[in-house]
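Hi,

Here is the structure I promised to pass on, with some notes on what turned up in it. Could you have a look when you get a moment?

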Amino acid sequence: METKRYFITWTTYGTWLPGDARGWRKKGRGYQLPKPLLERWSREQMKGDTVLLKPHDRVTAEDACRKHCEHRGWHLFAVSARSNHVHVVVAADAAGVKVRDQLKANCTANLRTQDQPLQAERTWTRGGDVDILDTDEDVEACVLYVTEAQDRKGEDA
């Protein structure tokens, strides 16, 4: 497979549910408007507690992404683990969903075996966003977003 560039995002379990007041994404249908009743129902269906990454968890997740990309020979442009999601900008010779799933799995394994293990029945929400970056400008914009814009928001999330 030829190398493609991706902007990948996934969230921690229970932090961005279908119906969320911030809006949400539905598979195959894109952005959806808030639906409070759906959000409440989704919360009631949760099989575990909401997961928020602590600062040491965030470092562990970022390191896991770096090491996995190095192991696979993928070029990691940027990674940022936040309290409730992870962003990765990467060039890989694999399908985007496969890249995302491998990164999530490696993050989970490392979070569960770090000095202060993350104790959670479920760490991540199912799936996540995988966007193909067609141009160098797209890559640059995503790298700036991941490395700078998150902190400019004044949010830890």
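Lining the largest pocket are 40 residues, and Thr-11, Trp-16, Arg-25, Thr-125 and Arg-126 lie nearest its centre. (A pocket is an open set of points on a 1 Å grid over the protein atoms alone, where a 1.4 Å probe fits, with protein on both sides within 12 Å along at least five of seven lines; lining residues have an atom within 4 Å of a point.) By class, the lining has 14 nonpolar, 15 polar and eleven charged residues. β1 contributes the most, four residues; strands here are DSSP runs of E, at least two residues.

This is a predicted model: local features need pLDDT of at least 70, side-chain atom pairs count only at pLDDT 80 or more, and totals for chains, interfaces and linings use all residues. Numbering starts from 1 along each chain as its sequence is written, and side-chain values use heavy atoms, with hydrogens and water left out.

Now to the nonpolar core, a set of buried Ala, Val, Leu, Ile, Met, Phe, Trp, Tyr and Cys residues joined through side-chain atoms within 4.5 Å. The largest one has 28 residues, of which Trp-10, Val-88, Val-90 and Val-99 touch the most other members. A second, separate core of seven residues includes Ala-78 and Val-139.

Finally, β4: five of its seven residues are buried, so this strand is largely enclosed by the rest of the structure (buried means under 20% relative accessible area, with a 1.4 Å probe and protein chains only). β4 and β5 form a hairpin with three residues between them, and Ser-80 stands opposite His-87 in β5.

Best wishes

Note on methods
Ala, Val, Leu, Ile, Met, Phe, Trp, Tyr, Cys and Pro count as nonpolar, Asp, Glu, Lys and Arg as charged, and the others, Gly among them, as polar. Buried means under 20% relative accessible area, exposed over 50%, partly exposed in between (1.4 Å probe, protein chains only). Two strands pair if DSSP finds at least two bridges between them.
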